[in-house]
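Have a look at the structure before reading on.

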Amino acid sequence: VHGLAFGSTGELFAANFRSDTVSRFIFDESGAAIPNGIITLDGSDYVLGLAFSPAGELFAMDYAKVMRFLFDSGGAAIPNGSFTLPVPWGESGYLTFSPGGELFVADHLNGTVLRFLFDDNGNPVSNGTISVEGAIASAFSPTGELFVSSHGFLDPIFITDGQISRFLFDSDGNAIPNGTTGTSSLGQLAI
(Lines give C-alpha, C1' and ligand atoms only; values in the text may rest on other atoms or scores of the structure.)
Protein backbone atom coordinates (compact mmCIF):
# COMPACT_ATOMS: atom_id res chain seq x y z
CA VAL A 1 0.00 0.00 0.00
CA HIS A 2 1.45 3.31 -1.09
CA GLY A 3 -1.32 5.84 -0.59
CA LEU A 4 -4.25 6.18 1.79
CA ALA A 5 -7.27 8.47 1.81
CA PHE A 6 -10.51 8.61 3.75
CA GLY A 7 -13.76 9.40 1.97
CA SER A 8 -16.35 11.70 3.53
CA THR A 9 -18.27 8.72 4.94
CA GLY A 10 -15.22 7.35 6.76
CA GLU A 11 -14.43 4.68 4.19
CA LEU A 12 -10.71 3.98 3.80
CA PHE A 13 -9.18 3.79 0.31
CA ALA A 14 -5.75 2.15 -0.10
CA ALA A 15 -3.63 2.37 -3.26
CA ASN A 16 -2.11 -0.99 -4.18
CA PHE A 17 1.35 0.01 -5.40
CA ARG A 18 2.16 -2.69 -7.93
CA SER A 19 -1.26 -3.18 -9.40
CA ASP A 20 -4.06 -1.20 -10.96
CA THR A 21 -6.42 -1.37 -7.99
CA VAL A 22 -7.51 0.67 -5.00
CA SER A 23 -8.86 -1.36 -2.07
CA ARG A 24 -11.82 -0.09 -0.06
CA PHE A 25 -12.52 -0.72 3.63
CA ILE A 26 -15.31 0.13 6.03
CA PHE A 27 -15.10 -0.31 9.80
CA ASP A 28 -17.33 -2.27 12.15
CA GLU A 29 -18.40 -1.19 15.65
CA SER A 30 -15.15 -2.48 17.15
CA GLY A 31 -13.03 -0.56 14.63
CA ALA A 32 -11.98 -3.60 12.60
CA ALA A 33 -11.44 -2.95 8.89
CA ILE A 34 -13.78 -4.88 6.60
CA PRO A 35 -13.01 -5.15 2.86
CA ASN A 36 -15.58 -3.21 0.84
CA GLY A 37 -14.53 -3.94 -2.74
CA ILE A 38 -11.92 -2.54 -5.07
CA ILE A 39 -11.70 0.12 -7.74
CA THR A 40 -9.89 -1.01 -10.89
CA LEU A 41 -7.96 1.73 -12.62
CA ASP A 42 -7.34 2.03 -16.32
CA GLY A 43 -4.05 0.27 -16.97
CA SER A 44 -2.08 1.77 -14.09
CA ASP A 45 1.24 0.24 -13.22
CA TYR A 46 1.95 1.78 -9.83
CA VAL A 47 -0.76 3.60 -7.93
CA LEU A 48 1.02 5.95 -5.54
CA GLY A 49 -1.15 8.77 -4.36
CA LEU A 50 -4.80 9.13 -3.46
CA ALA A 51 -6.65 12.27 -2.49
CA PHE A 52 -10.23 13.42 -2.26
CA SER A 53 -11.15 16.85 -3.57
CA PRO A 54 -13.31 19.01 -1.29
CA ALA A 55 -16.22 18.06 -3.57
CA GLY A 56 -15.68 14.34 -2.85
CA GLU A 57 -14.05 13.30 -6.13
CA LEU A 58 -11.30 10.66 -5.76
CA PHE A 59 -8.01 11.36 -7.53
CA ALA A 60 -5.63 8.39 -7.99
CA MET A 61 -2.12 9.11 -9.27
CA ASP A 62 0.02 6.70 -11.29
CA TYR A 63 3.22 8.78 -11.49
CA ALA A 64 2.17 11.52 -13.94
CA LYS A 65 -1.29 10.19 -14.85
CA VAL A 66 -4.16 11.18 -12.56
CA MET A 67 -7.44 9.27 -12.78
CA ARG A 68 -10.65 10.74 -11.35
CA PHE A 69 -13.69 9.01 -9.86
CA LEU A 70 -17.12 10.17 -8.76
CA PHE A 71 -19.41 8.04 -6.61
CA ASP A 72 -23.05 7.21 -7.27
CA SER A 73 -25.73 7.09 -4.56
CA GLY A 74 -24.84 3.45 -3.83
CA GLY A 75 -21.14 4.23 -3.39
CA ALA A 76 -19.94 2.73 -6.68
CA ALA A 77 -16.91 4.47 -8.21
CA ILE A 78 -17.57 5.97 -11.64
CA PRO A 79 -14.57 6.95 -13.81
CA ASN A 80 -14.58 10.69 -14.50
CA GLY A 81 -11.66 11.09 -16.89
CA SER A 82 -7.94 11.50 -16.40
CA PHE A 83 -5.15 13.93 -17.12
CA THR A 84 -1.36 13.91 -17.20
CA LEU A 85 0.73 16.29 -15.13
CA PRO A 86 4.13 17.69 -16.18
CA VAL A 87 6.20 15.66 -13.72
CA PRO A 88 9.07 13.25 -14.33
CA TRP A 89 8.19 9.57 -14.38
CA GLY A 90 8.97 7.83 -11.13
CA GLU A 91 9.56 10.96 -9.08
CA SER A 92 6.06 12.01 -8.12
CA GLY A 93 2.81 10.48 -7.10
CA TYR A 94 1.73 12.04 -3.83
CA LEU A 95 -0.96 14.64 -3.96
CA THR A 96 -3.25 16.60 -1.67
CA PHE A 97 -5.95 19.24 -1.92
CA SER A 98 -6.10 22.54 -0.13
CA PRO A 99 -9.36 23.27 1.69
CA GLY A 100 -10.21 25.59 -1.24
CA GLY A 101 -9.80 22.85 -3.86
CA GLU A 102 -6.31 23.58 -5.20
CA LEU A 103 -4.34 20.43 -6.08
CA PHE A 104 -0.76 20.14 -4.75
CA VAL A 105 1.64 17.53 -6.19
CA ALA A 106 5.15 16.87 -4.86
CA ASP A 107 7.76 16.79 -7.63
CA HIS A 108 10.76 15.27 -5.87
CA LEU A 109 13.20 15.40 -8.79
CA ASN A 110 12.75 19.14 -9.41
CA GLY A 111 12.47 20.10 -5.73
CA THR A 112 9.04 21.69 -6.04
CA VAL A 113 5.43 21.31 -5.10
CA LEU A 114 3.28 21.92 -8.16
CA ARG A 115 0.00 23.79 -7.74
CA PHE A 116 -3.07 23.35 -9.94
CA LEU A 117 -6.46 25.00 -10.13
CA PHE A 118 -9.25 23.61 -12.33
CA ASP A 119 -10.98 25.34 -15.23
CA ASP A 120 -14.74 25.23 -15.89
CA ASN A 121 -14.30 21.90 -17.71
CA GLY A 122 -12.43 20.32 -14.78
CA ASN A 123 -9.02 20.43 -16.48
CA PRO A 124 -5.96 21.24 -14.35
CA VAL A 125 -4.38 24.66 -14.87
CA SER A 126 -0.92 25.37 -13.45
CA ASN A 127 -0.96 27.81 -10.54
CA GLY A 128 2.77 28.02 -9.86
CA THR A 129 5.17 26.08 -7.68
CA ILE A 130 6.61 26.11 -4.19
CA SER A 131 10.33 25.29 -3.84
CA VAL A 132 10.99 22.44 -1.41
CA GLU A 133 14.16 20.46 -2.01
CA GLY A 134 13.44 16.73 -1.91
CA ALA A 135 9.65 17.18 -1.62
CA ILE A 136 7.87 13.87 -1.17
CA ALA A 137 4.37 14.50 0.16
CA SER A 138 2.23 17.30 1.52
CA ALA A 139 -0.78 17.78 3.77
CA PHE A 140 -2.86 20.67 5.06
CA SER A 141 -3.57 21.31 8.71
CA PRO A 142 -7.15 22.12 9.76
CA THR A 143 -6.10 25.80 9.87
CA GLY A 144 -4.88 25.78 6.24
CA GLU A 145 -1.13 25.58 6.85
CA LEU A 146 0.74 23.46 4.28
CA PHE A 147 3.23 20.87 5.54
CA VAL A 148 5.68 19.33 3.02
CA SER A 149 7.87 16.37 3.91
CA SER A 150 11.29 16.01 2.34
CA HIS A 151 13.58 13.08 2.61
CA GLY A 152 17.28 13.62 2.70
CA PHE A 153 19.63 12.87 -0.11
CA LEU A 154 21.85 9.95 -0.86
CA ASP A 155 25.52 10.24 -0.12
CA PRO A 156 27.77 7.30 -1.05
CA ILE A 157 26.46 5.17 1.84
CA PHE A 158 23.74 6.84 3.93
CA ILE A 159 20.56 8.82 3.53
CA THR A 160 20.72 12.21 5.19
CA ASP A 161 18.02 13.42 7.55
CA GLY A 162 14.81 14.87 6.19
CA GLN A 163 12.60 17.69 7.34
CA ILE A 164 9.08 19.06 7.21
CA SER A 165 8.69 22.52 5.66
CA ARG A 166 5.71 24.65 6.65
CA PHE A 167 3.92 27.32 4.63
CA LEU A 168 1.21 29.87 5.27
CA PHE A 169 -0.61 31.70 2.47
CA ASP A 170 -1.15 35.43 2.03
CA SER A 171 -4.40 36.96 0.75
CA ASP A 172 -3.22 36.51 -2.86
CA GLY A 173 -2.52 32.79 -2.33
CA ASN A 174 1.27 33.12 -2.27
CA ALA A 175 3.08 30.56 -0.11
CA ILE A 176 5.04 32.11 2.76
CA PRO A 177 7.67 29.91 4.50
CA ASN A 178 6.76 29.29 8.13
CA GLY A 179 9.78 27.35 9.35
CA THR A 180 10.93 23.76 9.23
CA THR A 181 10.92 20.81 11.57
CA GLY A 182 13.90 18.47 11.41
CA THR A 183 13.19 14.79 11.65
CA SER A 184 16.11 12.50 12.21
CA SER A 185 14.43 9.44 10.71
CA LEU A 186 12.23 11.00 8.04
CA GLY A 187 14.72 10.12 5.30
CA GLN A 188 14.59 6.45 6.11
CA LEU A 189 10.81 6.48 6.55
CA ALA A 190 10.26 8.21 3.22
CA ILE A 191 12.42 5.73 1.37
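In this predicted model, the largest nonpolar core is built from 14 residues, and those with the most contacts inside it are Met 61, Leu 85, Leu 95, Leu 103 and Val 105. Strands β6 (58-62), β9 (92-97), β10 (103-107) and β11 (112-118) each give two or more residues to this core. There's also a second, separate core of 13 residues, with Val 22, Leu 50, Phe 52 and Phe 69 among them.

Take Leu 95 as a case in point. Setting aside neighbours within four places in sequence, Leu 95 is in contact with Leu 50, Ala 51, Phe 59, Met 61, Leu 103, Phe 104 and Val 105.

Now for the charges: the model has four salt bridges.

Where do Arg 68 and Glu 57 sit? Arg 68 is in strand β7 (residues 65-71), while Glu 57 is in the loop between β5 (49-52) and β6, 11 residues apart. Both Arg 68 and Glu 57 are buried.

Glu 102 is in the loop between β9 and β10 and Arg 115 is in strand β11, so this pair ties together parts 13 residues apart in sequence. Glu 102 is buried at 9% relative accessible area, and Arg 115 is buried at 7%.

Glu 145, in the loop between β13 (135-140) and β14 (146-150), pairs with Arg 166 in strand β15 (residues 162-169), so parts 21 residues apart in sequence are tied together. Glu 145 counts as buried at 8% relative accessibility, whereas Arg 166 is partly exposed at 27%.

Notes. Residues numbered from 1 in each chain as written. Predicted model: local features only at pLDDT ≥ 70, side-chain atom pairs only at ≥ 80, totals over all residues. Heavy atoms only, no water. Core = buried A, V, L, I, M, F, W, Y, C linked by side-chain atoms within 4.5 Å. Buried < 20%, exposed > 50% of the residue type's maximum accessible area, 1.4 Å probe, protein only. Helix = DSSP H or I, 4+ residues; strand = E, 2+ residues; numbered from the N terminus. Contact = heavy atoms within 4.5 Å. Salt bridge = Lys/Arg side-chain N within 4 Å of Asp/Glu carboxyl O.
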